[in-house]
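Subject: The model I promised you

Hi,

Here is the structure I said I would send over. Have a look at it first, then read on for what I found.

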Amino acid sequence: MRKKLAAGNWKMNGTGDALSEVVQLSMDYMTSNVDILICPPATLIERMGHTAVDSAVAVGGQDCHAKPSGAHTGDISAGMLKDAGATYVILGHSERRTDHGETDADVCAKTEAALGEGLVAVVCVGETEGQRDAGETLDVIGTQLAGSLPDAGVSGATVVIAYEPVWAIGTGRVPTLEQIAEVHDFIRAELVKRFGDDGQRIRLLYGGSVKPGNAAEIFATSNVDGALVGGASLKAADFSAIIAALEAA
Ligand SMILES: O=C[C@H](O)COP(=O)(O)O
């Protein structure tokens, strides 16, 4: 049985003022059977870590460096995230792959670093619109999945996969439920092929324009164990509604 996960990726948004809303949210969902995760900007991780320490809300980073320390201006290591209170880290988000040229090999190295520090790695995969139109979606996802995950240390307790079609992120456009199911079933099969029973236990999140209005039907879709939510996670009311939909699914 996979525990559901509602994850919020704040991207380059959010200030300290947003903390109180998250605290409220965590108090509302203390007894939830849904894991709740917020990945704020790096500047807020430590504050959130302290605020959420006794609550139901976990805190995560949005990226980490593959190395533990060194001359890498502007970067943060997995150990630093852990030290600040993070227990998760998002890796290989399409915005990192596009803005910073991250390859599958880079994501794999970062995933190894995260697992080495005991962080849960939320590894993102997803096709562009051009790739989908060209009928390449499953090939692209399969390649990203194979290249972004290390051979060792991957289990339901250490890794989460987020399927985020690039064309659905922040656009208000969402794949059909059949398209989501096709990709999630494919990811599940690939994980089981490579990791056996562990592949059954890895949670699969859908991400891309998840809102209160479409959350329930997405959560009822095959092999969807939760969501990686961008814009809607910045509004406590919307994120709470998404969590409630996940709880009810
Ligand atoms: O990491 C989150 C995703 O990129 C989804 O963002 P969005 O919910 O704003 O479309």
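Before the helix packing, a word on geometry: axes are lines fitted to C-alpha atoms, for helices over the stretch in contact, and angles run from 0 to 180 degrees between N-to-C directions. Helices (H or I, at least four residues) and strands (E, at least two) are DSSP runs, numbered from the N terminus.

This is a predicted model, where local features need pLDDT of at least 70, side-chain atom pairs count only at pLDDT 80 or more, and totals for chains, interfaces and linings use all residues. Residue numbers start from 1 along each chain as its sequence is written.

**Two helices**

Helix α5 (residues 104-116) packs against helix α7 (residues 137-148) at an angle of about 40 degrees, and their axes are 7 Å apart. That makes α5 oblique to α7 (angles under 35 degrees count as roughly parallel, over 145 as roughly antiparallel, 65 to 115 as roughly perpendicular and the rest as oblique). On the α5 side the contact uses D104, A105, V107, C108 and T111, and these meet Q144, G147 and S148 in α7. Contact here means that the C-beta atoms of two residues, placed from the backbone, lie within 7 Å. By class, the residues of this contact are three nonpolar, four polar and one charged. For the classes, Ala, Val, Leu, Ile, Met, Phe, Trp, Tyr, Cys and Pro count as nonpolar, Asp, Glu, Lys and Arg as charged, and the others, Gly among them, as polar.

Also in α7 is T137. T137 counts as buried because it has 20 C-beta neighbours inside 10 Å. The cut-offs: a residue is buried if 20 or more other C-beta atoms lie within 10 Å of its own, exposed if 12 or fewer, and partly exposed in between, with C-beta atoms placed from the backbone. Leaving out residues up to four places away in sequence, T137 touches E127, Q131, R132 and V183. T137 and I180 are 43 residues apart in sequence, and their C-alpha atoms are 11 Å apart in space.

**The barrel**

Now the strands. Eight of them form a closed barrel in the order β1-β2-β3-β4-β5-β6-β7-β8, with parallel pairing. Neighbouring strands of this sheet are turned by 30 degrees against each other on average, direction ignored. Two strands pair if DSSP finds at least two bridges between them.

On to the next pair: β2 and strand β3 (residues 57-61) are parallel over three bridges, with L37 opposite A58 in β3. Strand β2 (residues 34-39) is largely enclosed by the rest of the structure, because five of its six residues are buried.

**Loops and backbone**

Most residues other than glycine have a negative phi. Which residues here have a positive phi although they are not glycines? K11 has one of about 55 degrees, and N223 has one of about 65 degrees. K11 sits in the loop between β1 and α1 and counts as partly exposed, with 19 C-beta neighbours inside 10 Å. N223 is in the loop between α10 (212-219) and β8 (226-229) and is buried, with 20 other C-beta atoms within 10 Å.

G14 is also worth a look, in the loop between β1 (4-9) and α1 (18-28). G14 is buried, as 21 other C-beta atoms lie within 10 Å. Setting aside neighbours within four places in sequence, G14 is in contact with P40, P41, L44 and L234.

**The ligand**

How many residues surround the ligand? There are 14, and the closest are N9, I169, G207, G230 and G231. A residue is near a molecule if its C-beta atom, placed from the backbone, lies within 6 Å of it. The shell around the ligand splits into five nonpolar, eight polar and one charged residues.

**One more helix**

Last, A244 lies in helix α11 (residues 236-248). A244 is partly exposed, with 18 other C-beta atoms within 10 Å. A244 and A189 are 55 residues apart in sequence and 28 Å apart in space, C-alpha to C-alpha.

Cheers
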